[in-house]
Each structure stands twice: as structure tokens, then as C-alpha cells.
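I opened my notebook next to the model today and wrote down what I looked up. Have the viewer ready and follow along.

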Amino acid sequence: MSSPEIASLSWGQVKVQGSTITYKDCKVWPGGSRTWDWRETGTEHSPGVQPADVKEVVEKGVHTLVIGRGMNEALKVLPSTVEYLKKQGIDVRVLQTEQAVKEYNALVAQGVRVGGVFHSTC
């Protein structure tokens with residue numbers, strides 16, 4: 001099962017191939033996607049993305065995880081999140097969201113088992 005391509009990205013909107021939903025923030029993995037609701041884990045722009053935010057995607061068996069920090073990179077990523085991913089043997093890439101989507105789609109095209117968490121505003 002391959003990861004779905006990000007079909008389009010604009011401020012506050014992410015469209016994922018195979019989904020009829022337009023997401024504000026989303027999680028994607030081989031075979032699926034869903035809304036990334038920060039309230040589930042109490043995430044805020046600072047201190048940022050927590051291990052709990054990426055655990056679900058990790059459990060889908062990804063080899064690489066791309067994190068989109070927002071259009072203006074306002075979303076931080078906790079060092080413990082990167083450490084957690086590395087301990088799981090996952091290659092992690094933390095980028096500005098437009099760059100993250102390009103990287104993610106390139107990895108999808110290469111057939112990599114890639115997942116992503118993307119913030120589409122600030």
C-alpha cells in the first residue's frame with residue numbers, strides 16, 4: 001500500500017489524493033489520511049509537535065516521516081519528538097510546510113513508506 005500524494009496545498013487547506021476532505025492540518029500514511037487535531041494531545045505552536053502527535057503515523061509502519069512546521073514555520077518540534085522517531089528507526093525531516101509537501105510527494109513517487117504531519121497555516 002502506498003502513501004497518498006498531497007494533491008494541493010494553500011493557506012489553511014490541504015487536499016490529499018483519495019480523500020474528499022479538505023484538511024487544515026493533517027496526518028498521512030500509507031493507505032490513509034485524517035485531520036490532525038492538536039487538541040487531542042494539547043499541542044501548541046510552542047513547545048510544538050510532541051511524540052504523541054506522530055505515534056499514530058509511526059504505528060502505520062512508515063520508514064520516513066515528514067513534519068511540516070507551517071507556512072511561516074511557527075510550529076516548533078520538540079527535540080524529544082525527533083529522538084523518539086530516531087529510536088524507532090525512522091528517518092525524520094522537519095521543514096517549512098510547502099517544502100515538506102514537496103519532499104513528501106517526492107518520497108511517495110520513489111515508493112518510500114512515508115508519512116507526514118502537516119500544519120497549513122502560520
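I count two residues as in contact when they have heavy atoms within 4.5 Å. This is a predicted model, where local features need pLDDT of at least 70, side-chain atom pairs count only at pLDDT 80 or more, and totals for chains, interfaces and linings use all residues. Residues are numbered from 1 along each chain as its sequence is written, and side-chain values use heavy atoms, with hydrogens and water left out.

**Entry: D25**

I looked up D25 and found it in strand 4. Strands here are DSSP runs of E, at least two residues, and helices are runs of H or I, at least four, numbered from the N terminus. Is D25 buried or exposed? D25 counts as buried, at 5% relative accessibility. My cut-offs are under 20% relative accessible area for buried, over 50% for exposed and partly exposed in between, with a 1.4 Å probe and protein chains only.

Leaving aside neighbours within four places in sequence, I listed the contacts of D25 as R34, T35, W36, W38, F118, H119 and S120. The side chain of D25 makes a polar contact with that of H119, at 2.8 Å. A polar contact is a pair of N or O atoms within 3.5 Å; within protein, one must be able to donate a hydrogen and the other to accept it, and residues adjacent in sequence count only if both atoms are side-chain atoms. I also noted the backbone nitrogen of S120, 3.0 Å from a polar atom of the D25 side chain.

**Entry: R69**

I found R69 in the loop between strand 6 and helix 2. R69 is buried, with a relative accessible area of 19%. Beyond four places in sequence, its contacts include L75, V94, H119 and C122.

**Entry: helix 1**

Which residues of helix 1 (51-58) are buried? I noted D53, V54, V57 and V58. Seen down the helix axis, they fall within an arc of 130°, so they line one face of helix 1. The arc is taken from the directions from the axis to the C-beta atoms. These buried residues pack against strand 4, strand 6, helix 2 and strand 8.

**Entry: the cores**

A nonpolar core is a set of buried Ala, Val, Leu, Ile, Met, Phe, Trp, Tyr and Cys residues joined through side-chain atoms within 4.5 Å. In the largest, of 17 residues, V49, V54, L65, I67 and L85 touch the most other members. Helix 1 gives the most to this core, with three residues. Apart from this core lies another of 14 residues, among them I6, C26, V101 and L107.
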